[in-house]
Amino acid sequence: MLFASNKNRPQTPSGGPRLQLPLLPLRDVVVFPHMVVPLFVGREKSIKALEHAMTLDKSIFLCTQKEAKVDEPQEQDIHGMGTIGTVLQLLRLPDGTVKALVEGRSRGRIDYFISTQDFFYVQVESMIEPEEDGLETEALVRSLNSTFESYAKINKKIPSEVISTVASHRNPSHFCDAMIAHLSLKLEDRQNLLSLVSPIARMGALYELMRGEIEVLQIEQRIKNRVKKQMERSQKEYYLNEQMRAIQKEMGDADDIKSEIAELEEKAKKKRLSKEAAEKVRHEIKKLKMMSPMSAEATVVRNYIDWILALPWYEKTRSNLDIDRAETILNEDHFGLEKPKERILEYLAVQSLVKRNRGPILCLVGPPGVGKTSLARSVARALGRNFVRLSLGGVRDEAEIRGHRRTYIGAMPGKIIQSLRKAHTCNPVFCLDEVDKMSTDFRGDPSAALLEVLDPEQNCRFGDHYMDMDYDLSEIMFITTANSLHSIPAPLQDRMEIIRIPGYTEDEKLNIAKNFLVKKQIAANGLSADRVDISDNAILTAIRRYTSEAGVRSLEREIASICRKLAREVVRASDSSAPPRLKVTGKNIGQYLGIPKYRFGMAEEQDEVGLVTGLAWTETGGEILTTEVLVMPGRGNLILTGKLGEVMQESARAAFSYVRSISPKLGIDPAFYRRYDIHIHIPEGAIPKDGPSAGITLVTGLVSALAKRKVRRDVAMTGEVTLRGRVLPIGGLKEKVMAAHRGELKTLIIPQENEKDLKDIPERILKTFNILPVKMVDEVLMASLVLNDDPLFKEPEPVREDAPEQEVQDSKPLEKELPGTIIVNSGSPDPGPAGMDA
C-alpha cells in the first residue's frame, strides 16, 4: 500500500483527535452515530477496506456518495462529513459479495485522503459535540417528542414501542439521531442533519423536516378518505337504485320499461332485416329483458339494437333511368367533363337492360376546384337517389371505416355505416371525398379497410366491427375523389375505375363563368342582372391575369369581389331616381380587381436566334415555356439554369449529343463542343420545371444558336427526342394546345403519335392552327427555322487523312462561374454526370 508523504499533507486543524481509517463509500444510505446497519458490499475497493479494518481495531469511516450511480467514486464524489464506525460482523457470501454489520460511533470529517490505490485510506478528524443543556434544549426535546408522536400516529408504520424507546434517550444528540433513523427522509436531508454537529441546530432542522413530512402525510390521508367516500357513494347509489326498482315495481312504473322493450320487438317485426340481423335483434332483446335497466350494459345493448333497426337493410330509392333527362341535368350543373358524364349515362343504359347491376366504383382524379364533389351530387340528382358524402382527409384510424368493437366504452359503428343511416336507403350515391389524403399510424391503415368497401366482389358482405354482421354495399354507387394518384395505394387503385379530370380550358372557364358563376354572384350580392353587365373580355382578363388554376374557385372569388364593389356603387347611387347601369369590361376591370397578379404568355414579337417557344403542362393548365440558348467562347461546358428537374437535364444532354452527331450535316463546326460553352436557360427560375416533353425544343434552340439561324416566332412545339432523332409522344396535349391558342401562335409542331389526341380539342380551336405532326427531328428543324433560301442540310466536307489533330488545351472547366447552375463538361469523350467534372 502506498501512502502520501508527510510533506504534502494539509495542516491538521484543531479539534478532536485525528485518526487514520479505511473509508467505505455508501450508496443511498447515511449511517448516524449509535445506529446499527447491515450493509451488502460488492465493490472490490470497499471489500478491501472492510478487510483492512478487521485486521486493525475494526474501526472504519462511513461516508455517503454524492451520486449513487457512480460505480468507481473519486475523492470529489464523496461527502466530507461521515460517521466513524465499528465493524461488528463480516460474512462472505457465495456470490463474492460481503455482508457487514456496522455500528456508528461518532461524527467525523475527512482531513485528506492518504491513499486511493487499493482502497480509500483517509485521515479523519473526530468531531466533539458540544454539551448544550438549557431551556432551549429542553424545549426542543419536548417539541420533537410530541411531533414524533403525531408523526407515528399518521404514518402507522412506526410501532408504538419505538416512541418510548426514542423518548428514553437522555442525551439530546443521541435522542435526535435515534429519531432520524425512523423517519422517511430524503438522502440529502439525512446528510445535512449528519453535518450538523451542534445538537440544538440539528434538533431545529429535524423539527422543520418533521413538520413538512406530517403535512405531506395529512394530504395523503385526505386523498385516501376522499377515495373511500367515493367508493361508499357508489355502493350507496347501487343500493338506492335497487330500492327504486322495488318501489317502481310496487307503483307500476316498471311497465314503462316493459313497454319500451315491447316497442323494440314491434319495430323488429315490422322492419325488414337480413336473416342474420333478425336473429341478432331477437337475441339482444332477450338479453335486455334479463338485465337491470339501470345497469351500464343495458344501455350498450339498447344502443346496439337501435343501430340495427335504424339501418336501411332493404329500403331503396327507385333509380330514374331516363337517359335524356339525366344528360340534361348533368349538362345543367356542369359544363364540359364529357368522360365522367359519358360513364354515368353508360351505367344508366345498363341498369335499364339488367334488373340487378352492381354499382360502379368511380374515382375522379383532378386538381382542386374542377367540380369533382359537385359532379357526384349532380349524379345523385340525375339518378333520383339520395346523396351522402364522407370526407376522408386526415383519417388515420382503421376504426373510422370499420367501427370500434363493442367491448370499448363509447364504441360506435364506422363512418360507412353511420353515413348509410343518414342516407335512409341502401342504394345512395356515396361520395368518398379526398381519398388520397388518408394517412396511417399505430392504429391501423384506413386505406386497407377501404379495400373491402370498394371491392365489387367483397362489399356485398361488408363487416363492421361494431355491428358484427354482414351488410350489403353492392348496390351503392361509390364515387371517390382525389387530387393525385401517387398517394393512393396500388391495391386500392386497382378496385376503382379512374377517370381523370385534367382541368378546364379557357373556353370552358369562360362558359362556366357566364352561365353559372356570374349569375350566382349577382344574386348572392343583391344585384339585378338587368343593371349589371360583365363582358366576356372582362371574364377572360380575370381568367388570364388574376387567376392561375385548373378549376374555377379563384375565378369565382374574383367575380364575387367585382360584384361586391358593384354593390357598393349601387348603394352610393341609390339616392338618384334612375339607378346606373354598371358595365365591367376588359379595360376597366383593373378598377375592381387591382393590379394583375399573373403574367399572360404571348408569342415573341420577332424572330430571334436561340429563342424557341415550347409548351408545358401544369396542374393549372397549359403554359408557354420560352427556351433560350446562348453560345459563347469557352472550354466545352453545358450550363443548364432555370431550376430544371432531373428529367429535363437528361433531355438537354440527349439533345446536345444528338446535335453533335448531326453537326456536319448542318454546317456546324464539328469541334464546337471543344471551343464553346453552351448555356441553356428557361426563364422564371424560381418555378421548378420537369417532364419528358422538351426534347425537340432544346434541339431546335441548340441548332439555331450554333448555326446562327433564327427561329420563327409564330411556331410552338412539344415532344421528346431520342439519340436517333425520333420524336416521342407526350401528355397533356389539350392543355398545351390551349396555351398556344392563348398566345396567338400560328403553327404547332407535335409528335405524330399524338395526332389521335386532337379529337379531344374543340374544332374551332384547331382551325386557328397549322398543326404539323412530325416523326423525326429533321422535320422539326425544317418547319421552325428561318431558311431564307439557304438550305439547312449540307454535304459534309471530306476529312483529310493527313490533317493534324486540332490542339486542345487541357484545362479544368469553370465550376463556380455560375452558382446554382449545372455544368456538364462536354469537351471530354466521356462526359460525367451533370454538375460533375468529366
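Let me start with the packing of two helices, where Met 648, Ser 651, Ala 652, Ala 655, Phe 656, Tyr 658 and Val 659 in H21 meet Gly 695, Leu 698, Val 699, Leu 702, Val 703 and Leu 706 in H23, contact meaning heavy atoms within 4.5 Å. The residues of this contact divide into 11 nonpolar, 2 polar and no charged, where Ala, Val, Leu, Ile, Met, Phe, Trp, Tyr, Cys and Pro count as nonpolar, Asp, Glu, Lys and Arg as charged, and the others, Gly among them, as polar.

This is a predicted model, in which local features need pLDDT of at least 70 and side-chain atom pairs count only at pLDDT 80 or more, while totals for chains, interfaces and linings use all residues. Residues are numbered from 1 along each chain as its sequence is written, and side-chain values use heavy atoms, with hydrogens and water left out.

The axes of H21 and H23, lines fitted to C-alpha atoms over the stretch in contact, come within 9 Å and cross at roughly 45°.

Now to the backbone: most residues other than glycine have a negative phi. Lys 643, however, has a positive phi of about 60°, and its place is in the loop between strand S19 (637–641) and helix H21 (646–662), helices being DSSP runs of at least four residues and strands of at least two. Asp 468 also has a positive phi, near 55°, and Asp 468 is partly exposed, with a relative accessible area of 45%, the class between buried, under 20%, and exposed, over 50%, with a 1.4 Å probe and protein chains only.

Definitions and conventions:
Axes fitted to C-alpha atoms, helices over the stretch in contact; angles between N-to-C directions.
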